[in-house]
Amino acid sequence: MVLALVVCAAIVAFAVIGLTVFAVRRRVIQRVGGTFDCSLRLKMPADASTQPDLDENGQPTPAPVHVTDGKGWVFGIGRYSGDSIEWFRVFSYAPRPRRVLPRTEIEVLGRRYPEGQEELALLSGSVVLRCLHDGAPLELAMSEDALTGFLAWLEAAPPGQRVNVA
């Protein structure tokens, strides 16, 4: 009986310690400032388009429609750090960012609202931003306010840097 209580107490203590470490890590990441909730699609669909939503004349392009099954999305925190964005997974103990996205390597292709199963995988009110990162397709999901800040940060690049914001 005593052994069972000790084992249960140890399990509860480990669970509390694990949750506390998550909370402390998030506070440490956000302490610097310039953070926003940002989901990242780690596994892009095989048919992901690398073409912009608008052509040179501002006319919509016939982008291929892919099935939005909601798979591959991971909830995280984005943090502005000079000329790059550091992206941290929320449910991780790693002190370092999972991805670093330099401003010079991001090209915005377009934006859309979540569809189908994506609505369940993402935070409510999110907007999906289709981008190219170093030539590879990338999708980020964030709130409208965070999107406005992200696009302003991209446009505020120092003179001489190539920035493409759709």
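Modeller: Before we start: rings of Phe, Tyr and Trp, the last by its six-membered ring, pair if their centres lie within 6.5 Å. This is a predicted model.

Biologist: How many aromatic pairs does a search of the whole structure find?

Modeller: The search gives three aromatic pairs. In one of them, Tyr80 and Trp153, the ring centres are 5.5 Å apart and the planes are at 50°, so the pair is tilted.

Biologist: Where do Tyr80 and Trp153 lie?

Modeller: Tyr80 is in strand 4 (residues 76-81) and Trp153 is in helix 3 (residues 144-155), so this pair ties together parts that are 73 residues apart in sequence.

Biologist: Is Trp153 buried or exposed?

Modeller: Trp153 is buried, at a relative accessible area of 11%. Tyr80 is partly exposed, at 24%.

Biologist: What does Phe150 form with Trp153?

Modeller: An aromatic pair, also tilted, with 6.1 Å centre to centre and 35° between the planes. Phe150 and Trp153 are three residues apart in helix 3, so about one helical turn separates them. Phe150 is buried, with 0% relative accessibility.

Biologist: Which residues do the ring pairs link into a cluster?

Modeller: Phe36, Tyr80, Phe150 and Trp153.

Biologist: And what lies over the face of Trp153?

Modeller: Arg103 does, 4.5 Å from the ring centre.

Biologist: Surface next. Which residues make the nonpolar patch?

Modeller: Phe14, Ile17, Val21 and Tyr93 make a nonpolar surface patch of about 450 Å².

Biologist: Where is Phe14, and is it buried or exposed?

Modeller: Phe14 lies in helix 1 (residues 2-31). Phe14 has a relative accessible area of 63%, so it counts as exposed, the cut-off being over 50%.

How values were computed. Residues are numbered from 1 along each chain as its sequence is written. This is a predicted model: local features need pLDDT of at least 70, side-chain atom pairs count only at pLDDT 80 or more; totals for chains, interfaces and linings use all residues. Side-chain values use heavy atoms; hydrogens and water are left out. Patches are made of residues with over 30% relative accessible area and no salt bridge: like charges are joined within 9 Å, nonpolar side chains (Val, Leu, Ile, Met, Phe, Trp, Tyr) within 5 Å. Accessible areas come from the Shrake-Rupley method with a 1.4 Å probe; for residues, only the protein chains shown count as cover. A salt bridge is a side-chain nitrogen of Lys or Arg within 4 Å of a carboxyl oxygen of Asp or Glu. Helices (H or I, at least four residues) and strands (E, at least two) are DSSP runs, numbered from the N terminus. Buried means under 20% relative accessible area, exposed over 50%, partly exposed in between (1.4 Å probe, protein chains only). Rings of Phe, Tyr and Trp (its six-membered ring) pair if their centres lie within 6.5 Å; planes under 30 degrees apart count as stacked, over 60 as edge-to-face and the rest as tilted. A charge sits over a ring if NZ of Lys or CZ of Arg is within 6 Å of the ring centre and within 35 degrees of the ring normal.
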